[in-house]
Protein chains: 2
Amino acid sequence: MINSFPTVQLVLQPGVFDLGWGHPDPKLMPMEGMRQAASAASEQFGADMFAYGNAAGAGPLLAWLRERITQNEGRDPGFGGIAITGGNSLGLDQICTLLAKPGSIVLVESPTYHYAVKILRNHPFELVPVAADHNGLQIEALEAVLADLKRQGRQAQMLYCVPTYHNPTGACLSLERRNALIEIAQRNSFLIIEDDVYRDLSYNNTPPPSLWSMDRGSNVIRLGSFAKSLAPGLRLGWVTGDPDRIWRIADSGVLDSGGGSNHYAAMIVAAFCRAGRFEPHVASLRAAYAKRSHTLSAAFQTLLPDDIEVITPQGGFFTWINLPAPMATADLLPLAEAHGVSFIPGKKFFLHQGGERSVRLAHSLYPPEDLAVAAERFATAVQQLRKQ
Amino acid sequence: MINSFPTVQLVLQPGVFDLGWGHPDPKLMPMEGMRQAASAASEQFGADMFAYGNAAGAGPLLAWLRERITQNEGRDPGFGGIAITGGNSLGLDQICTLLAKPGSIVLVESPTYHYAVKILRNHPFELVPVAADHNGLQIEALEAVLADLKRQGRQAQMLYCVPTYHNPTGACLSLERRNALIEIAQRNSFLIIEDDVYRDLSYNNTPPPSLWSMDRGSNVIRLGSFAKSLAPGLRLGWVTGDPDRIWRIADSGVLDSGGGSNHYAAMIVAAFCRAGRFEPHVASLRAAYAKRSHTLSAAFQTLLPDDIEVITPQGGFFTWINLPAPMATADLLPLAEAHGVSFIPGKKFFLHQGGERSVRLAHSLYPPEDLAVAAERFATAVQQLRKQ
């Protein structure tokens, strides 16, 4: 029973480093810059920041995003191929409502972001898992699933994936698989929903090309976000894709009625970005999260036995660990928590079975010194489990 | 073809008073107060305003709303019976996704808010109109529709209505009809979606009780909003209802994944409200919009022939006009625009046929002096049409 109104989602137990939370570190958020941007937006935009916004999104932010995307990705979304969203979660929800029919078959990498699955399950779809590994979605598994559907006289309408700095595995889909995936989507006429939320958090600032930028047809819709690069509370992202699909989003009842997504926050973020604050901020984030990831990986290299597989990411928030049989995550979690470290068990990220020996560790919320201690506690728990 | 990114939704033709736009006047928005609230929130809440928000919404705003609603409406939503939304449009969209199944029958007053119909049509529902008049939804018409459905072995799942300061007619559902509607909803087990966006804009500050506050069962979910009382660009509202339904919204994939709706804007509005700024602001709005409505009605009383019905509202943004046969709105509009005044033809607000002799005029966007001129132009166009 609730007996008060919490302010934020995060709840931490004292004495526990909870590496379950895939949240950005509040200490790394540009609070002073955003405070100044709110004042600057008020001066620059006046009443326009409070009015019903343009349906596709606040013009000043769209213009900045279009220029940045064209420069960084070598593909221009154009005026009609981009819209502002209320974050990737709401963007995914709108895609589900507006671009797919009840009964649609939606392919989902497995493992995948568990809350995206929850969003998809809020819609009347049939979800079908496709296996993924340390190079992302397995193309052979995808072909097999599609062939199986074809034998049943059925067809997939959409595929949801996180090809870049994957949640939960941290993996990147290889370039070869990216090409193959796009070709298969074209051949089988399904829409790839590319959740690209970690693109700006490449540790060495060389993320792989987005599926959207590689697509020569119109088979990819890509969701980008300020949740990790600025702040999740803003609820602000963007979507790039085929102008016909973007128009169906911009011409939806929700945006016709309420105006563009989160107009006020979008205008403040536009003032932030146009003041040249975004690139230096995100460069400092890349350095900070790279150091955190490295701290965790380096500690594990020393502390963990060789038969434990640690997938070290090149960007994003997550380190994925596979334990050897017969060790099981379900047995590890209580031991780890008793030692003051927690995580999300791998099976949470699988549609059906799988992940029983896997662990997702988020290295985003804690500074390196805390992560070093968390790694020691985790290794202690692993050793203890092995002795049992 | 788009060749630039607009900032806002509003587009005005020079020389035309466009009373089609049901928008608040930007000049009446509390820009300086919101600028100060953004700074105050930054000081009061720090990083908490940028983090993933509590799923049901930002605690400080929920606490303020709960207290105000309890005081003004005599019913306490409790901790579990209220959540923040991204405005009424998104609230309605989430209700459609989360609280109804594909194929549901949704009853809609006719006339009704046309963009709500567009939101409902983005979902796989069957919409059935129920006639409304100057006292709101007609109870006999509702009973007839329900009886007709029953004969077909079918049942309505939801009913959408704007019972207070209706869009487009400005009408209020009478107290007698409110009681009857709630009783019928209980008896027939459908959910009333009460769009209560104009409640704070009662000209004499005595709005009728909300259906939600009158409901002794759990048949009403009520959508409230800051769009008219503060600013539409904020994209911020709330929903009150049965805790089980509110939980299904707060426990949705979208909010589990992205945190509470528009957390950053919600925290700034919380700072605005908690500083005691809301009540004096909304009192000044009530006075301003009352004066605008009165200006239009008074001018029409002098200028328009007696056989033209002008429905004078007690709150909200809209004046509704019914022309006598054989006059038709389709013939009036070009004449009015030629004289420099515009409006939305009544038929836009009807699900199927209806409204061919009706006109919606929004008196919200223009100051009284402009409305006086607009009324004269409108009356001239009416006289011209009569002579044809």
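**Ground rules**

I work with a predicted model, where local features need pLDDT of at least 70, side-chain atom pairs count only at pLDDT 80 or more, and totals for chains, interfaces and linings use all residues. Residues are numbered from 1 along each chain as its sequence is written, chains are lettered from A and ligands numbered from 1 in the order in which they are written, and side-chain values use heavy atoms, with hydrogens and water left out.

**Entry: how the copies relate**

**Entry: the interface**

I looked up contacts next (heavy atoms within 4.5 Å). Chain B gives 76 residues and chain A gives 75 residues. I then took the buried area, which is the accessible area (1.4 Å probe) that two parts lose on being put together, summed over both. Between chain B and chain A it is about 6200 Å², with 65% from carbon and sulfur atoms. On the side of chain B, B:Phe5, B:Phe50 and B:Tyr52 lose the most area to chain A, together 15% of what that side buries.

Which surface do the copies use? I find that 99% of the interface residues of chain B are also interface residues in chain A, so the copies meet through the same surface.

**Entry: polar and charged pairs across the interface**

For polar contacts I used pairs of N or O atoms within 3.5 Å; within protein, one must be able to donate a hydrogen and the other to accept it, and residues adjacent in sequence count only if both atoms are side-chain atoms. Between chain B and chain A I get 34 residue pairs in polar contact, both residues at pLDDT 80 or more. By class, the side of chain B that touches chain A has 38 nonpolar, 29 polar and nine charged residues. For the classes, Ala, Val, Leu, Ile, Met, Phe, Trp, Tyr, Cys and Pro count as nonpolar, Asp, Glu, Lys and Arg as charged, and the others, Gly among them, as polar.

How many salt bridges cross the interface of chain B and chain A? The rule (a side-chain nitrogen of Lys or Arg within 4 Å of a carboxyl oxygen of Asp or Glu) finds four. I noted the one between the side chains of A:Asp256 and B:Lys118, at 2.5 Å, N to O. Over all chains, the search of the whole structure finds 32 salt bridges.

**Entry: a salt bridge inside a helix**

A:Arg151 forms a salt bridge with A:Asp148, with the closest N and O atoms 3.3 Å apart. Both residues lie in helix H5 (residues 139-151) of chain A, three residues apart, about one turn of the helix. Helices (H or I, at least four residues) and strands (E, at least two) are DSSP runs, numbered from the N terminus.

Two strands pair if DSSP finds at least two bridges between them. In chain A, four strands form an open antiparallel sheet in the order E10-E11-E14-E13. Strand E10 (309-311) and strand E13 (344-345) of chain A each have a single partner strand, so one side of each is left without a neighbour in the sheet. E10(A) pairs with strand E11 (residues 318-322) of chain A over three bridges, in the antiparallel sense. There A:Val310 stands opposite A:Ile321.

Chain B has an open sheet of four strands in the order E10-E11-E14-E13, again antiparallel.

A cis peptide bond joins A:Ala325 and A:Pro326, with omega about 5 degrees. A:Pro326 lies in the loop between E11 and helix H12 (329-338) of chain A. Another cis bond joins B:Asn167 and B:Pro168, with omega about 20 degrees. B:Pro168 sits in the loop between strand E6 (156-161) and helix H6 (175-188) of chain B. A:Tyr165 is not a glycine, yet has a positive phi of about 55 degrees.
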